[in-house]
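Hi everyone, thanks for making time this morning. I'd like to walk you through one protein model, so please have a look at it with me.

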Amino acid sequence: MAMVANIGMMDSAYFVGRNEILSWINATLQVNLSRVEEACSGAVQCQMMDMTHPGVVPMHKVNFDAKTEYDMIQNYKVLQEVFNKLKIEKHIEVTKLVKGRPLDNLEFLQWLKRYCDSVNGGIMNENYNPVERRCKGGKERHPKGSTKASKSLQSNNLPHHSSGDAPGFNKISGPKQGKTCPTSGLVDCNSEIQALSGQVMDLKLSVDHLEKERDFYFAKLRDIEILCQSPELEHLPVSAAIKKILYAVDAKESALGEAQEIVLGSTTDDAVDDMGATE
């Protein structure tokens, strides 16, 4: 599995969109995540490995209600132990993931999907019961989490959450009381806010990805520049042609034609020299 573990950042796995990743997680584990950072606790990753390799993950150690970084780190320790057991050479950036940064969590989930698909061919295990497996873990029966991440991983109803991070719900004693409040306008506003927030998140992820792609290609170009500046290659016509392209200032006009002339000119000169030597 080392080949899958070490896939490069430009691999197609890292171009899988946020919505596709969320749909995959929600359908496979029967949860209701709306943002990738809600999986920052590591519980989702542990259960995905449990689904892919039944019996390998000690589910009783996985805390689906993890809300502190300490509890999340314990989940990632379980995940790392599973990786070691399966000889998966994948470094887990725990300190970044537990911060809930969208891009870091998205990239790790993209890698995880690629790994799971490589093992099971993208086919869901029909005999796997994700809700039952979570219950066997023993840490989801009495959810008390106050973060949105932990709430999204529960299969219970909202009234069980009483920590107060969902304003309005903790003060409603029953369905009848809730009906007396005019909430139609509020619901519409919340829906619009969620839609706009999703668009903003998509744009942010796109920008982050483009910046990584930019840095990737810039590093490649820098390597080529250093190679062309080496004493052994610096005076070769092909190096001059490459540097002609690298250092071109006008973005509207391509320097490819001039670079080709340099290479062709040197080839012609070499041919003439060869003919003179023959004569």
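First, the ground rules. This is a predicted model, in which local features need pLDDT of at least 70 and side-chain atom pairs count only at pLDDT 80 or more, while totals for chains, interfaces and linings use all residues. Residues are numbered from 1 along each chain as its sequence is written, and side-chain values use heavy atoms, with hydrogens and water left out.

So what is the protein built from, in helices and strands? There are 12 helices and 0 strands. Helices here are DSSP runs of H or I with at least four residues, strands are E runs of at least two, and both are numbered from the N terminus.

Of the 279 residues, 35% are buried; buried means under 20% relative accessible area, exposed over 50%, and partly exposed in between, with a 1.4 Å probe and protein chains only. Among contacts with a separation of 6 or more, 61% join residues 24 or more positions apart, where contact means heavy atoms within 4.5 Å.

Now the second largest pocket, with a volume of about 280 Å³. Its lining has 12 residues, and closest to the centre are Lys 90, His 91, Glu 93, Asp 104 and Glu 107. A quick word on terms: on a 1 Å grid over the protein atoms alone, a pocket is an open set of points where a 1.4 Å probe fits, with protein on both sides within 12 Å along at least five of seven lines, and lining residues have an atom within 4 Å of a point. Grid points are joined across faces, edges and corners, and the volume is the space filled by probe spheres set on them.

Which helix gives the largest share of that lining? Helix H6 does, with 3 residues, and H5 and H6 (102-120) each supply at least two. By type, the lining divides into 5 nonpolar, 1 polar and 6 charged residues. Charged covers Asp, Glu, Lys and Arg; nonpolar covers Ala, Val, Leu, Ile, Met, Phe, Trp, Tyr, Cys and Pro; the others, Gly among them, are polar.

Finally, the two loop residues. Lys 87 sits between helix H4 (69-85) and helix H5 (94-97). Its phi is positive, about 60°, although Lys 87 is not a glycine. Lys 87 counts as exposed because its relative accessibility is 67%.

Gln 30 lies in the loop between helix H2 (18-29) and helix H3 (43-52), and has a positive phi near 55° without being a glycine. Is Gln 30 buried or partly exposed? With 48% relative accessibility, Gln 30 counts as partly exposed.
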